[in-house]
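I opened this notebook to record what I looked up in one structure. The entries follow below.

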Amino acid sequence: MTPDSARPGPCPSLTDVGYAPYFSAQLDLLGGEGLVPARIAADGSGLYSLLGCAAAQGELTGKLRQKLSPAERPVAGDWVAVDPSHDPATIHHVLDRRTVLRRRAAGRAAATQIIAANVDVFFVVTSADRDLNPRRVERYVAAVLDGGANPVIVVNKTDLVADPSSLVEELGVAAATTPVVCVSAQAGTDLDALREHIGQGTTVGLVGSSGVGKSTLVNRLLGRAALPTTATRSDGKGRHTTTRRQLLVLPTGGILIDTPGMRELGLAEDEGGLDAAFPELSAIAERCRFGDCGHSGEPGCAVLAAVEAGEVDRARLDSYRQLQREIAVAEARRDPAVAGNVKRRWKTISKAIRALEREERQRRR
Ligand code: GDP
Ligand code: ZN
């Protein structure tokens with residue numbers, strides 16, 4: 001490490017912007033002559049702004065542009081291998097992502113959209129002055145875990161309420177299984193508890209509804225007004241139309257990724273995030289009679305039994321099932337073959353259920 005790397009300045013070093021062995025190993029394997037790593041700081045229309053290399057901007061080579069699917073194209077946080085001898089630099093490879101944040105893209109096709117890549121920790125930001133919605137928090141937590149990152153629930157605007165601890169209680173089980181930090185971005189209180197999650201070289205993303213104070217929080221952590229907040233946005237159009245997503249290097253080390261304002265975060269896939277976000281349910285589900293029990297009335301369902309016994313929060317189960325349905329619909333829309341599979345699978349299950357019920361009835365006679 002050069003002495004410069006400890007001092008994030010106008011031209012941050014690779015380690016300042018989160019370069020790690022996971023990425024350098026890939027670059028070594030590629031072995032491309034003259035290729036250097038760079039991180040995508042923002043994606044404009046075809047021209048990407050870069051950090052960590054001499055070139056400020058880069059564009060995909062024609063070959064790469066053809067090869068990449070929309071979900072594979074670089075997003076904020078991606079690591080790419082560039083040839084910096086051109087201006088703009090040419091991007092030859094997008095390195096394998098360590099984590100992603102996905103959501104269901106708008107439109108009927110229900111394609112998956114990648115919002116950010118290689119984020120280590122996501123601050124799931126909520127605001128103390130509105131109704132805290134545990135269901136919305138669970139949705140974000142599931143999406144973050146599904147993409148391989150770690151969630152931290154941030155309750156902002158605590159200056160507006162008398163008793164922030166009651167808010168944590170409202171969050172219920174979500175708060176019991178995910179770290180929660182209560183702050184006031186405006187007053188600048190308890191930000192150190194947040195900084196504990198932003199280690200040197202750690203990439204932190206912020207998600208949450210618009211208006212909860214994400215931009216204010218980013219500016220606070222940066223120590224300067226890098227992002228326009230509602231108070232400073234004069235055109236009344238909202239952030240997502242006025243600025244692009246951005247990657248910001250903190251003077252104290254660590255990287256912030258500002259994600260575009262999202263009205264909703266629709267889940268599109270499940271690679272285990274749902275079970276990770278509902279650990280108390282998945283533990284009990286192992287005792288269900290069917291391995292793929294939907295916990296919606298199948299015989300021998302341990303989860304429903306636990307709900308009835310008052311051991312599990314029914315609202316959590318409802319939330320889990322709602323997200324599960326949403327994912328199934330998105331998967332089916334994306335791939336009609338999956339829809340067929342789901343139907344076929346359901347036929348098999350319902351047949352098995354009917355057989356079991358018949359058995360049961362006969363035994364009772
Ligand atoms: P974003 O849409 O999530 O980026 O939210 P902004 O950062 O633009 O903040 C939305 C509004 O909430 C602005 O008027 C901020 O001044 C205000 N705000 C942000 N943080 C706090 C806070 O901690 N306390 C209070 N009272 N207001 C805040
Ligand atoms: Zn079950």
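**Entry 1: aromatic rings**

At 34% relative accessibility, I note Y22 as partly exposed; buried means under 20% relative accessible area, exposed over 50%, and partly exposed in between (1.4 Å probe, protein chains only). The model is predicted: local features need pLDDT of at least 70, side-chain atom pairs count only at pLDDT 80 or more, and totals for chains, interfaces and linings use all residues. Residues are numbered from 1 along each chain as its sequence is written, chains are lettered from A and ligands numbered from 1 in the order in which they are written, and side-chain values use heavy atoms, without hydrogens and water.

F23 is buried at 3%, as is W79 at 0%, and Y19 is buried at 18%. I then looked up ring pairs (Phe, Tyr and the six-membered ring of Trp, centres within 6.5 Å; planes under 30 degrees apart are stacked, over 60 edge-to-face, the rest tilted). I found 4 aromatic pairs. The rings of Y19 and W79 have centres 4.8 Å apart and planes at 50 degrees, so this pair is tilted. Ring pairs link Y19, Y22, F23 and W79 into a cluster.

**Entry 2: the sheet**

I next followed an open sheet of 6 strands, in the order 10-9-8-11-13-12 with mixed pairing; strands are DSSP runs of E, at least two residues, numbered from the N terminus, and two strands pair if DSSP finds at least two bridges between them. Strand 10 (180-182) and strand 12 (246-249) are the edges, each pairing on one side only. Strand 12 runs antiparallel to strand 13 (residues 255-258), joined by 4 bridges. I noted L256 in strand 13 as the bridge partner of L248.
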